[in-house]
Amino acid sequence: MLFRALKTSLTLLAAAAVMTGGIMTASPPVAADETASSIVRGAKLYDKWYKVVGQKKPTKSHAAYPTDKKYAKDPGSNWRCKECHGWDYKGTDGAYKTGSHSTGIKGINGMAGADTAKIVAVLKDKTHDLNGKLGEDDFQDLAMFVSKGQVDSSKYIDAKKNIIGGNAEKGAAYYNTVCSNCHEKDGAKPKEMGKSLGSQMGNPWEVMHKIVNGQPDEKMPALREFGMQPVLDIMAHIATLPKKKLK
Ligand code: HEC
Ligand code: HEC
């Protein structure tokens, strides 16, 4: 209440300053209900939480990760939400149904739209074992992403991994003005990616998650608030870039 009253008086003050031609000294009011930054941070935690919170990667494997699966001896991988629940958020019903990342674990899509308190309770349960590893803000941001931030990729990526409704020509203009500063026009930088952006399109769900939400602990922007169209256009363009290994 106090905050709202303060905000109102600030707005009035600013309006008065404009009307009288005075100099505005009050900073513009910040929208208290902005949630996009929490969702985007939650999505980056989903990608690699220990990187986002500045911790070293875990050294002991996650107890909920099946011991007979490929990443059982790789705690840096098997503690990532995406490793058990997938880049398409559908777990065993999605792209991770088969292949080297399959675990048989369900997705998080069933909790899209759920009450964030319920999601936080799941994240704090014994299975997830995250108590003491993450703080309240982290749990809150993760829950915001799970509840309000999941993109239903089946609308945008077809069975052959083609992008539905992407305009590669528009995407080239976006990419060459927004992304190429860091990634070069041919998508071959930074080398740390291991393979060029063109090759990354073998996993379009991961690419989509990264473009919508950004990259953990990097200055890469999140395009979420611009809507899906530019994301699809950029992905259609990236699909045309050279596919090569880096390093
Ligand atoms: C090592 C594997 C593993 C990791 C890592 C993991 N989870 Fe889970 N998660 C599970 C399992 C197992 C379940 C329970 C599934 C079941 O009920 O069969 C689950 C359930 C969930 C559910 C409830 C889904 C539903 O519809 O009931 C949510 C939400 C969830 N996890 C989010 C996360 C988030 C966010 C992270 C990262 C902070 C994460 N999980 C990391 C294994 C994992
Ligand atoms: C400020 C620099 C910067 C900008 C701008 C930027 N990125 Fe990135 N991006 C990075 C860095 C750094 C990485 C992490 C590379 C690594 O270490 O794997 C990354 C990773 C990625 C990845 C994941 C690759 C992987 O293997 O993890 C994708 C996909 C990607 N960027 C696409 C884009 C697109 C598309 C744009 C434009 C909308 C963009 N980036 C803009 C710096 C940037």
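Which helices each supply at least two residues of the lining of the second largest pocket? They are helix 2, helix 4, helix 5 (116–123) and helix 6 (136–149).

The model is predicted, so local features need pLDDT of at least 70 and side-chain atom pairs count only at pLDDT 80 or more, while totals for chains, interfaces and linings use all residues. Residues are numbered from 1 along each chain as its sequence is written, chains are lettered from A and ligands numbered from 1 in the order in which they are written, and side-chain values use heavy atoms, with hydrogens and water left out.

The chain has 10 helices and 0 strands. Helices (H or I, at least four residues) and strands (E, at least two) are DSSP runs, numbered from the N terminus. Of the 247 residues, 43% count as buried; buried means under 20% relative accessible area, exposed over 50%, and partly exposed in between, with a 1.4 Å probe and protein chains only.

Now the pockets. On a 1 Å grid over the protein atoms alone, a pocket is an open set of points with protein on both sides within 12 Å along at least five of seven lines, a cavity is a set where a 1.4 Å probe fits but cannot get out, and lining residues have an atom within 4 Å of a point. Grid points are joined across faces, edges and corners, and a volume is the space filled by probe spheres set on the points.

The second largest pocket has a volume of about 530 Å³. It is lined by 25 residues, and His85, Ile108, Val122, Leu123 and His128 are the closest to its centre. Its lining divides into 15 nonpolar, 8 polar and 2 charged residues. Here Ala, Val, Leu, Ile, Met, Phe, Trp, Tyr, Cys and Pro count as nonpolar, Asp, Glu, Lys and Arg as charged, and the others, Gly among them, as polar.

Two of those names return at a metal. His85 (NE2) and His128 (NE2) coordinate the iron atom of ligand 1 at 2.0 Å. Histidine 85 lies in helix 4 and histidine 128 in the loop between helix 5 and helix 6, so the pair ties together parts 43 residues apart in sequence. Both histidine 85 and histidine 128 are buried. Donors are N, O and S atoms within 2.8 Å of the metal (3.2 Å for Na, K and Ca); water is not among the atoms, so sites may look incomplete.

The iron atom of ligand 2 has His183 (NE2) and Met220 (SD) as its protein donors, 2.0 to 2.1 Å away. Histidine 183 lies in helix 7 and methionine 220 in the loop between helix 9 and helix 10, so this pair ties together parts 37 residues apart in sequence. Histidine 183 is buried, with a relative accessible area of 13%, whereas methionine 220 is partly exposed at 26%.

Last, the largest pocket, with a volume of about 1400 Å³. Its lining has 47 residues, of which Met193, Gln200, Glu206, Lys210 and Gln215 lie nearest the centre. They divide into 21 nonpolar, 10 polar and 16 charged. Where does the largest pocket lie? Domain 1 (36–149) and domain 2 (168–238) both give residues to its lining, so it lies between them. The domain bounds come from an automatic or database domain assignment.
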